[in-house]
Amino acid sequence: MGLSILSGFLLALSLSQCISAQDNHEWIAPTATDVRSPCPGLNTLANHGYLHRSGKNISIPDMLQAALDGFNVGPDTIIQAAKFGLLSGDDPTTLNLDALQLHNLVEHDASISRNDFAIGDNLHFNETVFSTLANANPGVDFYNATSAGQVMHDRLADSLARNPTTTNTRKEFELRIRESALYLSILGDPVTGVAPKNFVQIFFREERLPVAEGWTRSPTLITSASMGPMSRIIGAAAVWTATQACEPLVIGPNITL
């Protein structure tokens with residue numbers, strides 16, 4: 001009887017600690033049954049419990065609220081991507097994060113942290129790919145809009161050299177600018193676009209908010225308008241040229257027009 005009481009107490013204590021960790025948005029690594037996406041931002045939100053930690057059955061309102069609560073990112077910055085994301089699966093109202101690896105829907109070539117679909121794993125973090133960003137802006141301890149644009153340029157050049165099927169239209173260019181402006185705004189100053197290198201590297205490599213290292217959520221709401229000036233700098237520094245006028249239209253799993 002005593003052993004049963006002790007076992008029950010330990011189980012209750014374990015459950016209470018787990019609930020407390022989730023309520024406090026503590027970082028918890030995904031389990032073997034959890035799923036994650038090609039997007040480090042969504043994965044970080046799931047790892048901290050702002051999204052369902054399972055990474056499953058996530059709705060558009062879930063994503064918008066999680067981005068607001070976790071990053072202070074306003075709905076207008078991600079609503080279009082979230083809507084497109086629903087096309088990654090067959091459920092009309094929710095998605096699983098791993099479905100977002102569907103190529104050329106929201107996922108794209110020349111990622112700063114994932115391989116191109118045609119030449120490797122486009123779902124999981126890749127250190128070799130990420131080294132372009134990790135080694136950018138040498139001699140200082142921060143990244144900025146200019147270095148982000150240069151990283152975009154170099155990553156695209158690498159994709160074009162190694163992947164003969166690289167998709168590179170205006171759509172991908174705009175997505176990549178938005179992603180770069182977001183990581184600078186979330187992890188650094190949303191006005192200047194200056195972000196500490198260690199914060200950015202932890203975010204991508206560990207899919208964790210670097211709270212222990214001193215990061216705090218921006219007190220300024222991050223919006224499309226606030227990212228506008230740095231987005232223009234990023235785009236100019238990328239020195240981008242389209243290599244095709246249009247691309248196959250992906251509208252769902254196994255549905256491409």
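**Pocket, bridges and surface**

Guide: Gladly. By class, 26 nonpolar, 13 polar and 7 charged residues make up the lining of the largest pocket. Keep in mind that this is a predicted model.

Visitor: What makes a residue part of that lining, and which ones lie nearest the centre of the pocket?

Guide: A lining residue has an atom within 4 Å of a point of the pocket. The largest pocket has 46 of them, with Cys39, Ala81, Val106, Glu179 and Leu182 nearest its centre. The space inside is about 1100 Å³.

Visitor: Which helix gives the most to the lining?

Guide: That is H7, with 10 residues. Several helices supply at least two residues each, among them H2 (40-47), H3 (60-71) and H9 (224-238).

Visitor: Why is the contact between Arg114 and Glu207 called a salt bridge?

Guide: The cut-off is 4 Å between a side-chain nitrogen of Lys or Arg and a carboxyl oxygen of Asp or Glu. For Arg114 and Glu207 the closest N and O atoms are 2.9 Å apart, so the pair counts as a salt bridge. Arg114 sits in the loop between strand S2 (94-95) and helix H5 (127-134), and Glu207 in the loop between H8 and H9, so the pair ties together parts that are 93 residues apart in sequence.

Visitor: Are these two partners buried or exposed?

Guide: Buried means under 20% relative accessible area. Arg114 has 3% and Glu207 has 12%, so both are buried.

Visitor: How many salt bridges are there in the whole structure?

Guide: A search finds 8. One of them joins Arg155 and Asp158, at 2.9 Å from N to O. Both residues lie in helix H6 (residues 145-162), 3 residues apart, about one turn of the helix.

Visitor: What about Glu213 and Arg208?

Guide: Their side chains meet in a salt bridge at 3.1 Å, N to O. Glu213 is partly exposed at 36%, whereas Arg208 is buried at 14%. Elsewhere, salt bridges with shared partners join Arg155, Asp158 and Arg162 into one network.

Visitor: How do you know that Leu257 is exposed?

Guide: Exposed means over 50%, and Leu257 has a relative accessible area of 66%, so it qualifies. Leu257 lies in the segment after strand S6 (255-256). Together with Phe84, Leu87, Leu249, Ile251 and Ile255, Leu257 makes a nonpolar surface patch of about 540 Å².

Technical notes
Residues numbered from 1 in each chain as written. Predicted model: local features only at pLDDT ≥ 70, side-chain atom pairs only at ≥ 80, totals over all residues. Heavy atoms only, no water. Patch = residues over 30% accessible without salt bridge, like charges linked within 9 Å, V, L, I, M, F, W, Y side chains within 5 Å. Areas by Shrake-Rupley, 256 points an atom, 1.4 Å probe, with all protein chains shown as cover. Helix = DSSP H or I, 4+ residues; strand = E, 2+ residues; numbered from the N terminus. Buried < 20%, exposed > 50% of the residue type's maximum accessible area, 1.4 Å probe, protein only. 1 Å grid on protein atoms, 1.4 Å probe; cavity = no way out; pocket = protein on both sides within 12 Å on 5 of 7 lines; lining within 4 Å. Points joined across faces, edges and corners; volume = space filled by probe spheres on them. Nonpolar A, V, L, I, M, F, W, Y, C, P; charged D, E, K, R; others polar.
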